Amino acid sequence: MNQPSPAIIAQSAVRRLPRLALLLFCAAYVLPGFVGRGPWKSADISAFGVMQDLVAGAVGWLQPQLPSQSGGYDSLLPFWMGAWSIKLLPFLDAALAARLPFGLLLVLALTSTWYATYYLARSPQAQPVAFAFGGEASPVDYARAVADGGVLALIACLGMAQLSHETTPALAQLGFTALLLYSLSAGPHARGERRGLHSLALVLGMAGLALSGAPAVALLFGLGAWVIELLQPTPAAHQVKANRSAWMGWLLLVTLGVGLLAYLLGLWHWRIDLDALSRTASNKDSGAMTRLFMWFLWPVWPLALWTLFRWRRQVLSRHIALPLWFAAVAVLSTLLTNASDRALLLALPALAALGAFALPTLQRSVASLIDWFALLFFTGCAITIWVVWLSLQTGVPRQPALNVARLAAGFEPSFSLLAFAAALAATLAWAWLVYWRTGRHRAAVWKSLVLPAAGTTLCWLLLMTLWLPLLDYARSYAPQAKQVGKWIQPQQACVQIHGLSQERATALRYHAGLKLQTAAAKSDCPYLVVDSDAQASLRQRLDMNQWQLLGMAARPTDRNDNLLVFKRNAATPAPSPASPASP
């Protein structure tokens with residue numbers, strides 16, 4: 001028996017968000033962060049290093065891996081995509097070429113979230129209440145308006161901004177999770193030619209997720225969706241019933257096939273960390289995890305909770321149960337593995353779709369509260385970004401520039417007319433949007449999420465324009481690598497390294513153009529770069545009396561991260577295989 005819908009929406013409240021405005025929203029969110037910056041430390045530059053190794057043939061195409069500190073995912077497809085892009089676009093900077101397919105993955109995530117929400121809203125149980133004398137929202141217009149709210153909710157998520165602009169498997173998993181959610185939402189509605197499109201999206205989403213380091217997650221998504229579809233009411237029409245049965249068979253076949261593919265490629269690995277769950281249960285770690293969930297999932301988590309409350313009688317219906325299952329799997333992955341926020345990233349498309357169904361049921365006072373919070377929070381953040389930038393450019397006010405000089409020693413501010421123009425245009429657009437939102441306009445389902453999405457986009461764009469030189473200086477290994485490069489003359493000379501992480505070795509190759517090899521007694525390289533913490537182990541491999549210290553290169557924002565640069569003594573002959581150097 002169908003339960004009454006809590007959505008009471010008139011046709012006048014489901015007008016579409018103008019397509020140009022929505023496209024500008026997405027472009028302003030996607031482009032900053034992918035263009036104009038270098039690889040940042042840890043996961044971003046580690047993945048870029050794997051792609052460079054693939055291009056150079058230093059590692060096999062079936063064995064690329066991220067180091068454990070970057071999440072420990074064994075991935076194939078994300079590294080292949082970046083490496084193929086570097087090979088196909090040799091005229092572009094390697095870091096920019098590697099980022100292009102990941103920008104498309106973010107576009108895929110936004111687009112798939114819109115279509116997933118649209119098809120979920122087309123479900124019979126998701127339709128609004130029919131009015132006695134007509135005037136209720138039409139199914140198509142209602143679904144489009146809710147879908148607009150879903151993509152705005154995804155853009156508004158605070159935790160997505162940085163991670164969705166990195167060249168890591170996490171972004172690939174986000175894109176393919178959203179694609180899989182779309183295919184599972186649209187599959188039961190498949191008719192004619194679109195049936196093939198939805199089936200293809202299912203294969204690509206499932207296989208892409210498995211090849212991006214999450215085969216178990218893909219399998220859980222597929223099996224859970226099959227069970228949810230099994231619980232749906234049986235259609236009365238024979239043709240619809242036959243289509244549904246065919247879709248469920250195809251879903252089960254693809255799910256099991258992808259699981260077999262992951263097994264054949266050796267992608268199945270045990271990642272459950274029971275110690276992580278016990279640590280999360282402790283007071284200290286539980287507080288940290290709670291803060292992570294609160295800020296990372298803002299503002300979709302309160303909307304999703306409201307959806308579960310208002311639509312509680314339809315919790316087993318596809319439009320609630322499917323995104324709820326996706327979110328639950330991602331949350332459990334976060335709690336049971338060491339992936340932390342990168343695993344939680346996969347919950348965002350589902351929570352955005354789930355939160356979109358809260359919009360037709362929100363009271364006007366709650367919508368006003370969301371608007372005022374977004375207005376005050378993001379306006380304050382934008383003012384702070386502008387004030388710090390003005391302080392760096394003019395010295396007024398004085399204190400922000402002093403703070404930057406203390407935290408990022410050696411940073412020299414620069415002025416970019418293009419970055420300034422983009423930041424100014426975004427700020428003026430925000431001011432106009434606030435003026436429009438506070439005016440008297442007809443109600444629309446998606447209006448409550450316009451300011452949160454615009455505020456997140458504004459602050460991200462300001463950071464990636466006004467603060468980009470500072471962030472590049474502080475969050476990359478470029479200053480340290482370039483300092484090392486000044487001591488290596490000529491730069492074509494080979495350099496031995498010892499104790500360096502993969503990301504710092506990648507930085508020396510990319511930023512300083514150095515030719516690196518692992519330190520060995522028989523190497524004839526005239527230069528040696530050593531992590532300051534690895535000196536003791538180095539003495540077991542090389543005779544340090546043959547080397548002269550040239551200097552120490554430090555990261556400006558981390559005094560404990562130092563590299564020692566040595567040069568072989570001029571009087572010391574280079575070793576050869578016939579007469580190796582002293583141990």
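Predicted model: local features only at pLDDT ≥ 70, side-chain atom pairs only at ≥ 80, totals over all residues.

Me: How many helices and strands does the protein chain have, and what counts as one?

Reply: The protein chain has 24 helices and 5 strands. Both are DSSP runs numbered from the N terminus: a helix is a run of H or I of at least four residues, and a strand is a run of E of at least two.

Me: What makes the protein chain as compact as a globular protein of that length?

Reply: The radius of gyration is taken over C-alpha atoms, and the globule rule is 2.2 Å times the number of residues to the power 0.38. For 583 residues the rule gives 25 Å, and the radius of gyration of the protein chain is 27 Å, which is close to that value, so the chain is as compact as a globular protein of that length. Along its principal axes, the C-alpha trace spans about 100 × 60 × 50 Å.

Me: How much of the protein chain counts as buried, and what is its accessible surface?

Reply: Of the 583 residues, 54% count as buried. The term buried means under 20% relative accessible area, exposed means over 50%, and partly exposed lies in between (1.4 Å probe, protein chains only). The accessible surface of the chain comes to about 26100 Å², and 65% of it belongs to carbon and sulfur atoms. Such areas come from the Shrake-Rupley method with a 1.4 Å probe; for residues, only the protein chains shown count as cover.

Me: Why is α17 called roughly perpendicular to α18?

Reply: Helix α17 (residues 364-394) and helix α18 (residues 398-407) pack at an angle of about 80 degrees, with their axes 8 Å apart. Axes are lines fitted to C-alpha atoms, for helices over the stretch in contact, and angles run from 0 to 180 degrees between N-to-C directions. Angles under 35 degrees count as roughly parallel, over 145 as roughly antiparallel, 65 to 115 as roughly perpendicular and the rest as oblique. The angle of about 80 degrees therefore makes α17 roughly perpendicular to α18.

Me: Which residues make this contact, and how do they divide?

Reply: Helix α17 contributes V387, V388, S391 and L392, and helix α18 contributes R398, P400, A401 and V404. Contact means heavy atoms within 4.5 Å. These residues divide into 6 nonpolar, 1 polar and 1 charged. Ala, Val, Leu, Ile, Met, Phe, Trp, Tyr, Cys and Pro count as nonpolar, Asp, Glu, Lys and Arg as charged, and the others, Gly among them, as polar.

Me: Is H511 buried or exposed, and how do you know?

Reply: H511 has a relative accessible area of 19%, so H511 is buried. This residue belongs to helix α23 (residues 502-512). Leaving out residues up to four places away in sequence, H511 touches P39, Y477, A478, A481 and K482.

Me: What makes Y510 partly exposed?

Reply: The relative accessible area of Y510 is 22%, so Y510 is partly exposed. Y510 is also found in helix α23. Among its contacts beyond four places in sequence are P39, F48 and D93. Y510 and G38 are 472 residues apart in sequence, with 9.6 Å between their C-alpha atoms.

Me: Why is L303 counted as buried?

Reply: L303 has 5% relative accessibility, and therefore counts as buried. L303 lies in helix α13 (residues 300-310).

Notes. Residues numbered from 1 in each chain as written. Heavy atoms only, no water.
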